[in-house]
Amino acid sequence: MKALTWHGSGDIRCEQVDDPIIQDDRDAIIRVTSCAICGSDLHLYGGFVPGMHAGDVMGHETMGEVVEVGRGNSKLKVGDRVVVPFTISCGECRMCKWNLFALCERSNPSGKEQAKQIGYPTAGLFGYSETYGRFPGGQAEYLRIPYADVGPIKVPGGLTDDQVLFLSDIFPTGYMAAENCDIQPGQTVAVFGCRPVGLFAIKSAFLLGAERVIAVDNVPERLALARASGAETLDYTDADLQQRIIDMTNGLGPDAVIEAVGMESHGTGGVMETLQSKFSSTERPYALQQAILACRPGGIVSIPGVFVGSAVTAPLGAFVGKGLTLRTGQTHVQRYLEPLMAMIADGRIDPSFIITHRIGLEDGPEAYKTFRDKTDGCVKVVIRPHG
Ligand SMILES: NC(=O)c1ccc[n+]([C@@H]2O[C@H](COP(=O)([O-])OP(=O)(O)OC[C@H]3O[C@@H](n4cnc5c(N)ncnc54)[C@H](O)[C@@H]3O)[C@@H](O)[C@H]2O)c1
Ligand SMILES: [Zn+2]
Ligand SMILES: [Zn+2]
């Protein structure tokens with residue numbers, strides 16, 4: 001089959017790889033009808049994530065039609081249309097029982113190695129390096145789904161791929177980021193980053209009762225989408241950013257702040273930052289720093305943005321001084337599938353508003369470049385591997 005594969009920093013190829021086969025009784029294989037490129041894929045593309053191997057199949061936002069089911073899987077049958085969470089979870093371990101699906105103790109074959117670095121194993125992820133189990137990803141014609149009797153959700157008839165595809169990751173991710181803010185009526189939330197995760201965080205903050213959302217980015221079309229979702233917007237390169245946030249909130253500051261940018265953020269553009277972004281894959285925590293500074297005393301900092309290393313410098317003094325609460329993590333996608341599918345079916349939200357580009361697999365390598373370089377108004381790329 002054809003798939004998008006990783007071959008080093010800035011080098012994604014569309015090439016032939018082996019077709020997936022059933023390896024366990026609980027598996028299923030889908031014919032991928034739609035998949036997408038995520039901001040998290042850019043961290044792999046930029047060479048920020050260790051443990052990638054040449055030829056690894058990319059992608060973790062995927063849906064399709066079931067074409068084969070393992071003998072032990074009674075949940076799915078051939079012909080079902082499913083969306084696949086990016087987190088692979090067994091459904092039986094302690095973490096899965098507590099609905100902490102992204103922390104599944106069993107699904108990551110590299111869990112022992114990972115535990116040497118962070119103390120414990122976490123869930124396997126599709127297309128996201130050896131650290132997360134080296135599972136082939138879903139930017140491909142077909143995908144093998146391990147524990148397919150736990151993760152995938154069937155799509156009710158009448159809903160299009162465009163409406164439901166983002167249940168695989170970014171809609172639940174934005175939603176969990178907002179839920180982590182414990183929003184009370186009348187509160188204000190600031191969201192750093194207005195690409196897919198940030199945009200879904202803005203929508204979700206309003207759905208969860210926020211009165212105001214202040215959205216921060218510097219790309220005009222993204223700020224326009226944020227405004228269309230009801231947010232007031234600011235530019236992160238503005239040297240007076242912090243004062244503006246304080247002024248907009250009558251001196252109090254936002255009750256919660258969502259950092260939806262992650263390790264490749266930009267700041268006001270000093271020499272160090274320019275060197276870092278041009279010549280190395282060093283994590284850049286500028287948005288994290290801005291978010292912590294912006295949060296009001298006693299507030300919550302919610303971080304869906306991804307970081308991998310230990311070299312990130314965060315203003316812990318401000319954190320402790322203001323008595324902030326930190327909430328973060330990979331999204332426990334399975335927890336959100338049913339309620340968010342219901343919201344889509346009810347018409348309370350149509351996630352397809354973020355799609356700007358539709359392509360075939362062959363155009364994938366070029367689309368990675370466009371997505372990374374923020375050219376051509378690119379917010380979200382959807383790939384249809386079979387046309
Ligand atoms: N926790 C999870 O499970 C999970 C799931 C999906 C994505 N993510 C992560 O969420 C983050 C966002 O992903 P994405 O796909 O929305 O977008 P992205 O990474 O493509 O975009 C990030 C946005 O942040 C903006 N930005 C850069 N510096 C900024 C700053 N200082 N202040 C404000 N905005 C700034 C950029 O202009 C861009 O629009 C990534 O780190 C991604 O890996 C996490
Ligand atoms: Zn993702
Ligand atoms: Zn588990």
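These legends describe close-up views of a predicted model.

Local features here need pLDDT of at least 70, side-chain atom pairs count only at pLDDT 80 or more, and totals for chains, interfaces and linings use all residues. Residues are numbered from 1 along each chain as its sequence is written, chains are lettered from A and ligands numbered from 1 in the order in which they are written, and side-chain values use heavy atoms, with hydrogens and water left out.

**View 1. Four cysteines hold the zinc ion (ligand 3).**
The donors are the SG atoms of Cys90, Cys93, Cys96 and Cys104, at 2.3 to 2.4 Å. A donor is an N, O or S atom within 2.8 Å of the metal (3.2 Å for Na, K and Ca); water is not among the atoms, so sites may look incomplete. Along the chain, the donors follow the spacing C-x2-C-x2-C-x7-C. The site of this zinc ion is tetrahedral, with angles of 104 to 117° among its 4 donor atoms. Four donors count as tetrahedral if all angles lie between 85 and 135 degrees. Cys96 is buried, with a relative accessible area of 3%. Cys104 is buried too, at 1%. Buried means under 20% relative accessible area, exposed over 50%, and partly exposed in between (1.4 Å probe, protein chains only).

**View 2. The zinc ion (ligand 2) is coordinated by Cys38, His60 and Asp169.**
The donor atoms are SG of Cys38, NE2 of His60 and OD of Asp169, at 1.8 to 2.2 Å. Their spacing along the chain is C-x21-H-x108-D. Cys38 and Asp169 link distant parts of the chain, 131 residues apart. Cys38 sits in the loop between strand E3 (28–36) and helix H1 (39–45). Asp169 sits in the loop between helix H4 (161–164) and helix H5 (170–179). Helices (H or I, at least four residues) and strands (E, at least two) are DSSP runs, numbered from the N terminus. Both Cys38 and Asp169 are buried.

**View 3. Helix H8 crosses helix H10.**
H8 spans residues 241–248, and H10 spans residues 286–294. Their axes come within 10 Å and cross at roughly 35°. Axes are lines fitted to C-alpha atoms, for helices over the stretch in contact, and angles run from 0 to 180 degrees between N-to-C directions. From H8, the contact uses Leu241, Gln242 and Ile245. From H10, it uses Gln290, Leu293 and Ala294. Contact means heavy atoms within 4.5 Å. These residues divide into 4 nonpolar, 2 polar and no charged. Ala, Val, Leu, Ile, Met, Phe, Trp, Tyr, Cys and Pro count as nonpolar, Asp, Glu, Lys and Arg as charged, and the others, Gly among them, as polar. In H10, 7 of the 9 residues are buried, so this helix is largely enclosed by the rest of the structure. Among the buried ones are Tyr286, Leu288 and Ile292.

**View 4. Thr370 lies in helix H13 (residues 364–373).**
Thr370 is buried, with a relative accessible area of 15%. Leaving out residues up to four places away in sequence, Thr370 touches His357, Thr375, Asp376 and Cys378.

**View 5. Arg134 and Asp182 each lie in a loop.**
Arg134 is not a glycine, yet has a positive phi of about 55°. Its loop runs between strand E8 (124–125) and strand E9 (142–145). Arg134 is partly exposed, at 40% relative accessibility. Asp182 is not a glycine either, and has a positive phi of about 45°. Its loop runs between H5 and strand E11 (188–192). Asp182 is partly exposed, at 39%.

Methods. Four donors count as tetrahedral if all angles lie between 85 and 135 degrees; four count as square planar and six as octahedral if opposite donors are over 155 degrees apart and all others between 65 and 115; anything else is irregular.
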